[in-house]
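Open the model in your viewer and keep the selection tool at hand.

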Amino acid sequence: MPHKIRDLALVFAGGNAVGAYHAGTYEALHDRGLRPDWVVGASIGAVTAAIVAGNAPEDRVSKLRQFWDEATQATGPSPTGLLKPRQVYNGLHALLALAWGRPSIFSHRLPGLWSALPWVPNDVALFDNRPLLRTLERLVDFERLNRGGTRLTVGCVDIESGEEVYFDTAREVVRPEHILASTAILPAFPPVEVDGRVLCDAGYTNNLPLDPIFATEPDGDLLCIASDLFSLRAPRPASIDAVLERANDLIFASAARRAIAGLKREYELRQRLNPTGPAVTLLHLIHQAGADQLAAKSFDYSPSSIRDRWAAGRKDAVDGLMRLSDLGRDHRRFTYVASQSPERSDPASFGRLQDGAAPRPGPSSGWLKQPAQDADMRRGGDS
């Protein structure tokens, strides 16, 4: 029996305020008529995925815009284009967010940080993320989300066993507290108890949750677009803040590298065993933070940083789709293409650094040239 063709899966990584990059990524795909059949997310990626799956296609971008408009600190645009003042500006906004919270996402909790004092009762987190629960209930139609027009998978970790836990609308009802649990990065936010399990953000173990997509062999040809918020590559750090930022990036980006290396090995074997089976193309969009971004970038909700991240996501998605459309067709069952803004990379070696070679022909690229209206006819169009 011929296998199905042209499924589209989106995977969104965690990264708190850096997640505005996802919104730009999705906007670019949406504008080109691409409608996902399956969305997977962790942390802010789970929030993004829920907004996509829980709204009609025509409302998704506006709901993402509303989420980030509410999250942004209303202090006006960056007053300067100079690097050092911009770094100070971004740092001050991160401090403001940590000091006052963001009303639509998190607030302070008591005793919180004060629990470090010997005479204060113990606590397990610094902030209260229950405001996000109310935001999700406003911006996401959970009835639509659970109807299954667009499949949703949300990644968490069981804090007691360390086991990765995935909630999937193909198997169960996903509720707002499942999304909240996925955003509970320790020790910033408290873990969330769901159905007897105490769950937290999967960021430290699997920040870009590709595993659900590839746990079983796809039924048909698949394009998976993964929107990643942390890069493995950056210049040599020259300050304490840059070292802290590098450590943060390496923690959150390394699991994706291992997962992709495993997929390459797996599909080399599949190629030998069944060279005509369903083909997979993985487009990896990687946010490259600008030189103005600091170690506290995940809490930088300044208007200019949110704007820049949204624009970077849009640009990387457009560039990535162009790279796919330039590929030819062959019988390879796995094609990996990475697209990353080169602000901190050497442009001359950009392609070599990202995927080890110049772009090679892939099996699934021709369908990107289809008219936008044809994309809506694929499974999961959710019109």
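Accessible areas here come from the Shrake-Rupley method with a 1.4 Å probe, and for residues only the protein chains shown count as cover. This is a predicted model, where local features need pLDDT of at least 70 and side-chain atom pairs count only at pLDDT 80 or more, while totals for chains, interfaces and linings use all residues. Residues are numbered from 1 along each chain as its sequence is written, and side-chain values use heavy atoms, with hydrogens and water left out.

**Whole chain**

Show the surface. The accessible surface of the protein chain is about 16700 Å², and 58% of that belongs to carbon and sulfur atoms. Of its 383 residues, 57% count as buried (under 20% relative accessible area; exposed is over 50%, partly exposed in between; 1.4 Å probe, protein chains only). Switch to cartoon: there are 13 helices and 11 strands (DSSP runs numbered from the N terminus; helices are H or I with at least four residues, strands E with at least two).

**The nonpolar patch**

Select Leu110, Trp114, Leu117 and Trp119. Together they make a nonpolar surface patch of about 570 Å². Patch residues have over 30% relative accessible area and no salt bridge; nonpolar side chains (Val, Leu, Ile, Met, Phe, Trp, Tyr) are joined within 5 Å, like charges within 9 Å. A salt bridge puts a side-chain nitrogen of Lys or Arg within 4 Å of a carboxyl oxygen of Asp or Glu. Zoom in on Trp119, in the loop between β3 (107-108) and β4 (127-128). Trp119 counts as exposed, at 67% relative accessibility.

**Aromatic pairs**

The whole structure holds nine aromatic pairs. Rings of Phe, Tyr and Trp (its six-membered ring) pair if their centres lie within 6.5 Å; planes under 30 degrees apart are stacked, over 60 edge-to-face, the rest tilted.

Select Phe106 and Phe299. This pair is edge-to-face, 5.8 Å centre to centre, with 90 degrees between the planes. The two residues are 193 residues apart, Phe106 in the loop between α4 (83-100) and β3, Phe299 in the loop between β10 (280-286) and α11 (303-325). Phe106 is buried at 1% relative accessibility; Phe299 is buried at 15%.

Next, Tyr204 and Phe252: a stacked pair, 5.6 Å centre to centre and 25 degrees between the planes. Tyr204 lies in α8 (203-206) and Phe252 in α10 (240-273), so the pair ties together parts 48 residues apart in sequence.

**Last stop**

Select Arg65 and Trp310. Arg65 lies over the face of Trp310, 3.7 Å from the ring centre (the cut-offs: NZ of Lys or CZ of Arg within 6 Å of the ring centre and within 35 degrees of the ring normal).
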